[in-house]
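Q: I'd like to learn how to read this fold from its features. Could you walk me through it?

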Amino acid sequence: MRVPWSLAGVSAGALLIGAAWATVVRRPEPLLLGALPPVALPHVEQSGGATTVTDTGRNAFGRAPMNMPRSRWPDFYAGKGVFDRDWSDSRQRPAVAGPFFSATGCMTCHVKDGRGQPPSSPTEAPVSLAFQLSAPGGAGPHPLYGMQLDLHAVEGQVPEGHVRVDYEETRGTFATGEPYSLVRPRYQFQGLVRGPLGDGAMFSARVSPVNFGLGLLEALPEAGLLAARTPRTATTTASPAGPTRCSTW
């Protein structure tokens, strides 16, 4: 959730989720965690080693690593509390998000810590679909709307705009003779409060990604990642292997 204003007592960086908000928010029930006995399938490698979760149900992505000691469970629950919270609820403290934002909470877009999905029809408002913007030619943030179009606002404010998603179907046939059908999204920006995006403005529609495994990646020391980088040499044309730094506006 991109929050232009600060959230008292909570790091805004911990609440970033690239997604859009729908008028009707379908929030699932909070995840209730507990002991999960490890069940190793015979002759099957565990993709996460000792951290691999054996739950195959709808709560699998929201569980702690299997080797997390019970002493760390309170920290895990505290993090889930921030993730599950509805930040539009004025009865809760600290202050709610605003004045403009993309979703009322992390769970709104990353349902059960999983991947979001685009609208299935033009009549469905985007929920877990964010629209990142840039100035013409990609030269920094958009001059009117910044880095992302906020589709919702607190009471008394008007959202920056709305997006209608249509789909164009393309049919064809594989070389084997088997038919296929593909759909291409078409986006219409409507009700933009500060005027049209303008000629040459660029946008990128992005579905909210999964969250599981991010804690493991965050635990890796940056120095170790940089040390493992394979530099390009005069005798190879391969791209360097390792982390890549990305600039933000």
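A: Helices (H or I, at least four residues) and strands (E, at least two) are DSSP runs, numbered from the N terminus. By that reading, the protein has four helices and six strands. Keep in mind that this is a predicted model, where local features need pLDDT of at least 70, side-chain atom pairs count only at pLDDT 80 or more, and totals for chains, interfaces and linings use all residues. Residues are numbered from 1 along each chain as its sequence is written, and side-chain values use heavy atoms, with hydrogens and water left out.

Q: In what order do the elements of the protein run from the N terminus on?

A: The order is α-β-α-β-β-β-β-β-α-α.

Q: What share of the contacts in the protein join residues at least 24 apart?

A: A contact means heavy atoms within 4.5 Å. Among contacts between residues at least 6 apart in sequence, 62% join residues at least 24 apart.

Q: What share of the 249 residues is buried?

A: Buried means under 20% relative accessible area, exposed over 50%, and partly exposed in between (1.4 Å probe, protein chains only). Buried residues make up 30% of the 249 residues here. For the surface itself, accessible areas come from the Shrake-Rupley method with a 1.4 Å probe, and for residues only the protein chains shown count as cover. The total is about 15700 Å², with 58% of it belonging to carbon and sulfur atoms.

Q: How many disulfides does the structure hold?

A: A disulfide is a pair of cysteine sulfur atoms within 2.5 Å. The structure holds zero of them. Cysteine 106 is in no disulfide, and its nearest cysteine sulfur, that of cysteine 109, is 8.4 Å away.

Q: Where is cysteine 106 placed, and is it buried or exposed?

A: Cysteine 106 sits in helix H2, and it counts as buried at 2% relative accessibility. Cysteine 109 is buried too, at 1%.

Q: Which side chain does threonine 104 make a polar contact with?

A: A polar contact is a pair of N or O atoms within 3.5 Å; within protein, one must be able to donate a hydrogen and the other to accept it, and residues adjacent in sequence count only if both atoms are side-chain atoms. Threonine 104 makes one with the side chain of threonine 108, at 3.1 Å. Look for threonine 104 in the loop between strand S1 (100-101) and helix H2 (106-109); it is buried, at 3% relative accessible area.

Q: How many salt bridges does the structure hold?

A: Side chains of opposite charge can pair when their charged atoms come close. The working rule for a salt bridge is a side-chain nitrogen of Lys or Arg within 4 Å of a carboxyl oxygen of Asp or Glu. The structure holds seven. One of them joins arginine 63 to aspartate 55, with the closest N and O atoms 2.7 Å apart. Aspartate 55 is buried, at 18%.

Q: Which parts does the pair of aspartate 113 and lysine 80 tie together?

A: Their side chains meet in a salt bridge, 2.7 Å from N to O. Aspartate 113 lies in the loop between H2 and strand S2 (129-134) and lysine 80 in helix H1 (residues 73-84), so the pair ties together parts that are 33 residues apart in sequence. Aspartate 113 counts as buried at 9% relative accessibility, and lysine 80 is buried with a value of 9%.

Q: What is the phi of lysine 112?

A: Most residues other than glycine have a negative phi. Lysine 112 has a positive phi of about 55 degrees although it is not a glycine. Lysine 112 is in the loop between H2 and S2 and is buried, at 8%. Aspartate 113 also has a positive phi, near 65 degrees.

Q: Which residues form the nonpolar patch on the surface?

A: Patches are made of residues with over 30% relative accessible area and no salt bridge: like charges are joined within 9 Å, nonpolar side chains (Val, Leu, Ile, Met, Phe, Trp, Tyr) within 5 Å. Here Leu214, Leu217, Leu220 and Leu225 form one, with about 360 Å² of accessible area together. Leucine 217 is found in helix H3 (residues 214-219) and counts as exposed at 52% relative accessibility.
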